[in-house]
Amino acid sequence: MVCFLNDLLGQAEAKLVVFHGDLPYTSMAILKGLEKLGEKDVIGSGGYGTVYRLIMDDGVSFAVKRIAVCGSSSDRAFEGELEILGCFKHRNLVNLRGFCNSPLAKLLIYDYLPNGNLDEKLHGEWSLVFYIIKNCFFIITFIIHLMVVGSLLV
Amino acid sequence: MPLNWQARIRIAIGTARGLAYLHHDCCPRIIHRDIKSSNILLDQNLEPHVSDFGLAKLLEENASHVTTIVAGTFGYLAPGKFHIPYTTSPCRNL
C-alpha cells in the first residue's frame with residue numbers, strides 16, 4: 001500500500017525533536033521538508049521500514065526512515081528510546097539527527113551517506129561484471145599458456 | 001568500482017569499532033542484532049557507518065530494557081540461534 005507522508009503528517013499534530021541542536025534549520029523548515037516527501041524520494045526499504053531522501057533548501061541531504069508503526073509500544077517509550085539513541089555519537093555509526101513522532105507516522109532523521117551500502121558495493125551489478133571479465137581473462141591466458149607450452153613440447 | 005583490499009580492511013575495522021562502541025561504551029549497552037552488509041553505509045571516503053542500531057527493540061512488542069527475542073536476517077543469523085533463540089550477550093553480532 002502506498003501511503004504518502006504528507007497525508008500521514010497532515011492529519012495530526014506532529015512532534016519534532018532534534019538532537020544536539022546543531023542543525024541550522026528551524027523545526028518549521030524540517031517539517032515542511034518532511035511533508036513534501038513522497039514516493040519519488042524513496043531510496044530504500046528494509047525490515048524496519050521505508051527510507052526517504054530529504055533534500056533541504058540549501059542542498060544538504062538527510063535520510064528519513066519511516067518506521068513500520070509499532071502499535072503496542074507507547075509514544076513515551078518510543079521517545080525515551082530515541083532520546084537514548086540520540087546521545088550516541090561515533091565516527092562509525094550513522095548519526096541520528098532527530099525524530100518526528102505523529103500518531104500515524106514515526107520518522108527518524110539520519111545523516112545521508114552518499115556512497116550507498118556495503119552490500120551494493122560487494123554484490124552490485126558492476127562488481128559481478130568485473131568479476132566475470134577478470135575470471136574469463138585468467139582462463140583465456142591459462143589456455144593460451146597451455147597451448148604455447150604444448151607447441152613447444154611438440 | 002570494486003573495493004580493493006585496503007578499503008575492505010578499513011571497512012571491517014571501522015565496523016568493528018562502531019560495534020565495540022555500542023557494546024562497551026554505551027550506557028545502556030546496545031546489541032545490534034541485525035548486522036549485515038546492507039546495514040553498513042559508506043561515506044564519500046568509504047568510511048563505514050553502522051546503521052539501524054537500537055531499532056530491534058523499538059519494534060518489539062512489550063518492550064523492556066532486556067531484549068531477548070531473536071531478530072535478524074536469514075543468512076546472517078548465528079546458527080546456534082535456531083536452537084536457543086534468545087540473546088544474552090554481544091556475541092549475537094559476531
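Predicted model: local features only at pLDDT ≥ 70, side-chain atom pairs only at ≥ 80, totals over all residues.

Biologist: Is the peptide bond from B:Cys27 to B:Pro28 cis or trans?

Modeller: Look at omega: for the bond joining B:Cys27 to B:Pro28 the angle is near 0 degrees, and the bond is cis. The loop between H1 and S1 of chain B also holds B:Arg33. There phi is near 75 degrees, a positive value in a residue other than glycine.

Biologist: Now the sheet. In what order do the six strands of chain A come?

Modeller: The general idea is that strands of a sheet pair through backbone hydrogen bonds, either parallel or antiparallel. In chain A, the order is S1-S5-S6-S4-S3-S2, an open sheet with antiparallel pairing.

Biologist: Why is one side of S1 and of S2 in chain A left without a neighbour in the sheet?

Modeller: Strand S1 (15–18) and strand S2 (42–46) of chain A are at the edges and each has a single partner strand, so one side of each lacks a neighbour in the sheet. From one strand to the next, the twist averages 20 degrees. You can follow one pairing by eye: S1(A) joins strand S5 (residues 96–102) of chain A through four bridges, in the antiparallel sense. Within that pairing, A:Val17 has A:Phe99 of S5(A) as its bridge partner.

Biologist: Which strands does helix H2 of chain A touch?

Modeller: Helix H2 (residues 27–36) of chain A packs on the sheet and touches S1, S3, S4, S5 and S6 of chain A, its direction making about 120 degrees with that of S1(A). Helix H3 (residues 75–87) of chain A lies across S1, S5 and S6 of chain A, at about 170 degrees to S5(A).

Biologist: And the interface: how many residues does each chain bring to the contact?

Modeller: Chain B brings 39 residues and chain A brings 31 residues. About 3,300 Å² is buried between the two chains, with 67% of that area from carbon and sulfur atoms.

Biologist: How many salt bridges are there between chain B and chain A?

Modeller: There are two. One of them joins the side chains of A:Arg91 and B:Glu47, at 3.2 Å from N to O. On chain B, the side touching chain A draws at least two residues from each of H1 (5–25), S1 (40–42), S2 (48–50) and H2 (55–58). H1(B) gives the most, with seven residues. By type, that side of chain B has 22 nonpolar, nine polar and eight charged residues.

Note on methods
Residues numbered from 1 in each chain as written. Chains lettered and ligands numbered in written order. Heavy atoms only, no water. Contact = heavy atoms within 4.5 Å. Buried area = accessible area lost by both parts, 1.4 Å probe. Salt bridge = Lys/Arg side-chain N within 4 Å of Asp/Glu carboxyl O. Nonpolar A, V, L, I, M, F, W, Y, C, P; charged D, E, K, R; others polar. Pairing = 2+ DSSP bridges. Axes fitted to C-alpha atoms, helices over the stretch in contact; angles between N-to-C directions.
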